[in-house]
Structure formats: C-alpha cells, structure tokens
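Thanks for coming. I have one structure to go through today, and I will keep to what can be read from the atoms.

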Amino acid sequence: MDTSAVRIPDLSGRTAVVTGANSGLGIETTRVLARAGARVVLAVRDEVGGRAAADSVDGDTEVRRLDLADLSSVRSFAERWRGDIHLLINNAGIMAVPRGRTKDGFELQFGTNHLGHFALTNLLLEHVTGRVVTVSSSMHRMARGIDFDDVDLERGYTPYRAYAQSKLANLLFTLELQRRLDAVGSPVLSTAAHPGYAATNLQSHGANPLSRGIAMLGNKIFAQSAANGALPTVFAATQDVPGGAYAGPKAMGGTRGAPALSSRSEEAWDGRAAKRLWTLSEELTGVSFPLRPAERN
C-alpha cells in the first residue's frame with residue numbers, strides 16, 4: 001500500500017473500532033491505523049477468523065464478536081464497551097447476496113449494511129471522541145431513493161437493487177448524523193468513503209453465478225488492491241475534511257488511484273430523505289440518538 005497520498009497522524013493512545021476487520025478493506029484499514037499507533041478493535045462475526053487476521057497486524061489489536069445482522073449482538077457489543085473510541089469505522093458489508101433476512105427480520109443487505117451500523121453507532125456514540133466513518137459504494141448511484149413504502153423490497157427485490165439502496169442509506173445516515181452532531185455542538189465528525197473498484201472477497205458472495213464470475217474476473221484484471229481501496233477510508237478518518245465529507249479514489253472515474261473528496265448522487269444529498277430514514281431506523285431498531293446539547297455557562 002502506498003500511503004504517501006495520505007499524511008497519517010500519530011494515533012498513539014487512541015482506540016479505533018473497525019467492523020468487518022477480518023478481511024478485505026477492513027483488515028487493510030486496521031493495518032494502517034495500527035501502524036500509526038492506534039489500538040484497533042476488530043469487530044467481527046467470526047472470532048477465529050478475526051484472531052487470524054489480528055495476528056497478521058503489526059500493532060496493538062483486540063478481537064471482539066459483532067454480528068451486524070443481529071441487533072442483540074450489536075447491543076451486547078455496545079454494552080460491554082468501556083473507554084473512549086477515537087475512530088468508529090463502519091466498514092462491514094455484504095453485496096448483492098440472495099434474498100434473505102436478518103435475525104430481526106429485516107432485508108439482509110439493508111439490515112446489515114445500514115441498520116446494524118445505525119444501531120451500533122448510536123449505542124457507542126457517547127464514547128466517540130473523533131470520527132464516525134461509514135463505508136458506502138459508488139453503486140449508491142444505482143438507487144433512485146429509499147423505497148420507504150417497501151424498504152425490504154418485497155415487491156421488487158433484486159440483489160443489486162437491495163445493495164444500492166443500502167449504500168445510499170449509508171450516505172444519508174452520514175449526512176443526518178452530522179446534522180445532529182452539529183445541532184448539539186459535538187466536535188465529532190461523521191464522514192464516509194468508498195473504495196472505488198477494489199479486489200476483495202465481497203464480490204464472491206453474489207447471488208447470480210454469472211455476475212459473480214464476471215466480478216471475480218474484473219477483480220483480477222481491472223481492480224485495484226484491497227490495500228489501495230482502503231485508503232479512502234483512512235483519508236476520511238484522518239485528514240482535514242469537513243463533516244459529511246465523502247472520500248474515494250480520484251482517478252479513472254473514481255474507480256482507482258489516490259484518495260480525495262468524492263461526489264455523490266443527488267439522492268444522497270437529500271436532507272429530507274435523510275431525516276425520514278433516521279426516523280424509520282429508530283423505529284426499526286429501537287435505538288435513538290443519545291446526545292443532548294452541551295450546557296453553556
């Protein structure tokens with residue numbers, strides 16, 4: 001990984017939590033943060049795989065179980081937390097998988113990629129001192145908005161439609177979280193990132209065998225490495241950017257290259273949709289924004 005495009009500060013004494021940190025973008029993000037001195041907690045569904053991944057990291061790491069498709073697991077992770085979190089990296093995700101449900105009955109991709117991270121962030125927010133970084137995708141542009149009348153896509157499910165909606169939800173969540181942080185005078189920043197076209201195992205779990213095969217071939221021929229795909233996340237986590245910023249590769253139409261601020265779809269800037277999504281997410285998860293305005297002398 002060439003990190004020369006990102007000037008990474010000394011993170012000694014800081015703690016980062018990275019979801020889905022056992023492979024792909026997550027483990028590469030973990031390696032960068034740990035090398036910079038951070039203590040990194042790998043929040044993973046598979047603890048055995050998480051420990052194997054942690055053993056490959058040069059730095060201070062810890063593995064804790066977290067299943068974003070199970071709100072009881074999310075609550076358990078948050079309830080056990082003690083101490084400050086400088087960086088909360090909402091990295092974990094699933095892509096274009098067959099139709100399924102989370103343990104709580106939500107459409108699997110929306111429930112895992114958005115609702116799980118929504119609940120986790122709000123349950124941990126009182127501990128966060130620096131930034132919340134949520135990993136989205138350039139494929140959010142495929143979504144023409146959140147289908148609030150059928151958020152589980154019962155009347156028109158396709159794997160990629162569900163994935164695009166969940167990634168649009170990630171960006172709307174980032175937007176509304178920053179608005180709420182600003183409203184209470186919090187110094188915490190909410191940012192987002194996308195990896196461009198990065199070769200990870202995310203594409204290997206697609207529902208359609210033909211699409212899966214094409215994606216895996218593309219990984220070998222066109223994609224940049226997972227290490228380079230993680231750089232926009234590191235950029236959003238450590239560089240001087242405004243709240244609500246969205247980072248991604250700046251070359252070849254945003255598919256590869258050094259990280260920079262990235263554009264997003266018009267739908268991803270919709271503040272009214274962001275507020276509506278937040279309200280719906282609170283209703284579905286039973287978790288709400290925990291912060292109140294600071295008292296002023």
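**Salt bridges and buried polar residues**

The count comes to eleven salt bridges, a salt bridge being a side-chain nitrogen of Lys or Arg within 4 Å of a carboxyl oxygen of Asp or Glu. Before the individual pairs, the ground rules. This is a predicted model, where local features need pLDDT of at least 70 and side-chain atom pairs count only at pLDDT 80 or more, while totals for chains, interfaces and linings use all residues. Residues are numbered from 1 along each chain as its sequence is written, and side-chain values use heavy atoms, with hydrogens and water left out.

Now the overall picture. The secondary structure of the protein comes to nine helices and eight strands; these are DSSP runs numbered from the N terminus, helices being H or I with at least four residues and strands E with at least two. Of the 297 residues, 56% count as buried. Here buried means under 20% relative accessible area, exposed means over 50%, and partly exposed is in between, with a 1.4 Å probe and protein chains only. Among contacts with a separation of 6 or more, 72% are between residues 24 or more positions apart, where contact means heavy atoms within 4.5 Å.

Back to the pairs. R39 forms a salt bridge with E62, and the closest N and O atoms are 2.5 Å apart. This pair links distant parts of the chain, with R39 in strand β2 (residues 39-44) and E62 in strand β3 (residues 61-65), 23 residues apart. R39 is partly exposed at 23% relative accessible area, and E62 is partly exposed at 27%.

The next pair is R101 and E154, whose side chains meet in a salt bridge at 1.9 Å, N to O. R101 lies in the loop between β4 (85-90) and α4 (108-124), and E154 in the loop between β5 and α5, so the pair ties together parts that are 53 residues apart in sequence. R101 counts as partly exposed at 39% relative accessibility, and E154 likewise counts as partly exposed, at 45%.

Are E176 and R180 buried or exposed? Both are buried. There is also a network: salt bridges that share partners join R99, R101, D152 and E154.

Staying in helix α5 (residues 159-183), we come to Q178. Q178 is buried, with a relative accessible area of 5%. Its side chain has a polar contact of 2.9 Å with the side chain of D182. A polar contact is a pair of N or O atoms within 3.5 Å; within protein, one must be able to donate a hydrogen and the other to accept it, and residues adjacent in sequence count only if both atoms are side-chain atoms. The side chain of Q178 also reaches the backbone nitrogen of S190 at 2.7 Å. Not counting residues up to four places away in sequence, Q178 touches V188, L189, S190, G243 and G244.

A192 stands opposite Y246 in β7. On to the next pairing: β7 and strand β8 (residues 256-261) are antiparallel, over four bridges. There, the bridge partner of A247 is L261 in β8.

Now a charged residue without a partner. R131, in strand β5 (residues 128-135), is buried yet has no salt bridge. The nearest side chain of opposite charge is that of D240, 5.6 Å away; Lys and Arg count as positive, Asp and Glu as negative, and His and the chain ends are not counted. What lies 2.7 Å from a polar atom of the R131 side chain? The backbone oxygen of Q239 does. Beyond four places in sequence, the contacts of R131 include H86, L88, V188, F235 and T238.

Last, helix α1 (residues 24-35). Its end C-alpha atoms are 17 Å apart, which agrees with the 16 Å its twelve residues should span at 1.5 Å a residue; the expected span is 1.5 Å times one less than the number of residues. Ten of the twelve residues are buried, so α1 is largely enclosed by the rest of the structure. Among the buried ones are L25, I27, E28 and L33. Just after α1, G37 takes a positive phi of about 105 degrees.

Conventions
Pairing = 2+ DSSP bridges.
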